[in-house]
Amino acid sequence: MSKGNVKQYFPGGNTCLGFYSLWDSNINDLTKLIILKGGPGTGKSTLLAKIAQELLNDGWDTEMLWCSSDPKSLDGVIFRDLGLGIVDGTAPHTRDPIFPGVVDKIINLGDYWDERLLQQNKEQIINLTKENKALFRSTYHHLAEAKKYHDTLEQLYVEGMNWSGVDTLTEDLLQQLFGKYTPTEQGKEIHRFAGAITPDGSVNYLDELLGEAKTRIILKGRAGTGKSTLTRKIAGAASSKGFDVEYYHCSFDPLSIDNILIPKLGICFIDGTPPHEKTPGPDDTVLDMFSFMSGSVYGKNQEQIREVDSNYMSEFNQAFAVLKECKAVHDRLEDYYIKAMDFKAVNVVTQKLMAEILEYAKSHK
């Protein structure tokens, strides 16, 4: 059997609104959910990676759900053709069983640590945990401050926009894309982050997530030029015509939509501005929203725009710096748990779970 396909994304992110979760959109339709519990360093990510690799090799398409606070660590894997997901159910994306024993199953890797060793380092563990939480609060404070500057930037651009021109463009697109389709049962929506603000900087899987699209429409323009609003209108129209839509939210402002994919039509809309700038290919369509900007208004506001943009980037960079500190503290915290873990017992649990999942997969072939 040929190897399965991989889809990678972030189900949650560090945003201007704090930690923002899109987990439910990705796992609520699953018929079997295995929830992993346990502290940092207990082997959850390693277990997930082993199972993902095994089922990939067995030919099953696999969704890899990465951690925004450590982009090299897995928070979950989903085998959608099996209706099966295995997820890290610990904070900040705490997940408890809704239908225990019927849909949901808990595996607690905390059962395999030596509590006496942890108790010996109780004070250090408590202090590091508190420090980590304080650093995350600082990260989110800087991102919230950056959002205030971003909102000011938006207003400076909004002032000069020709919105009637934008509306005409939007209506023309809607007619071109969906005019021949009649409304039907609402299509399914799924919400994800293609990228994330991480200790390693901005990380994204946009190219591979949208790789199946044959028609790429790239939106250019500054903050406040209507890219997200246009994209939402296209997505809403597609859903109303019965097409499923994948929404990819902005990793900084999760209420804003950066990209959408309409799989059945092979169409995607991409926000092609930094930090996820896209160089258009020869077959791509580029819509420059800045073309609807009044030159005189932009000229009048240019000095203020530069100043506000500088303050925005300063807060953003401070958030990245603090997030690196979060990761360093988390790594020190992990060390205490790693030293207390019985990984031979965890390997036994992994092998038992692997056998259970492979048997489950065999019954679905």
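Colleague: Is Asp-284 buried or exposed?
Modeller: This is a predicted model, where local features need pLDDT of at least 70, side-chain atom pairs need 80 or more, and totals for chains, interfaces and linings use all residues. Residues are numbered from 1 along each chain as its sequence is written, and side-chain values use heavy atoms, leaving out hydrogens and water. Buried is under 20% relative accessible area, exposed over 50%, partly exposed in between (1.4 Å probe, protein chains only). Asp-284 has 18% relative accessibility, so it counts as buried.

Colleague: Which side chain makes a polar contact with the side chain of Asp-284?
Modeller: A polar contact is a pair of N or O atoms within 3.5 Å; within protein, one must be able to donate a hydrogen and the other to accept it, and residues adjacent in sequence count only if both atoms are side-chain atoms. The backbone nitrogen of Gly-281 sits 2.6 Å from a polar atom of the Asp-284 side chain. The side-chain partner, at 2.9 Å, is Arg-216.

Colleague: Which strands stand at the edges of the open sheet of six strands?
Modeller: Strands here are DSSP runs (E, at least two residues), numbered from the N terminus, and two of them pair if DSSP finds at least two bridges between them. The order is S1-S5-S6-S7-S4-S8, with mixed pairing. Each edge strand has a single partner, so one side is left without a neighbour in the sheet: these are S1 (6–9) and S8 (104–108).

Colleague: In S5, what is the bridge partner of Tyr-9?
Modeller: S1 runs parallel to S5 (residues 62–67), and four bridges join them. For Tyr-9, the partner in S5 is Leu-65.
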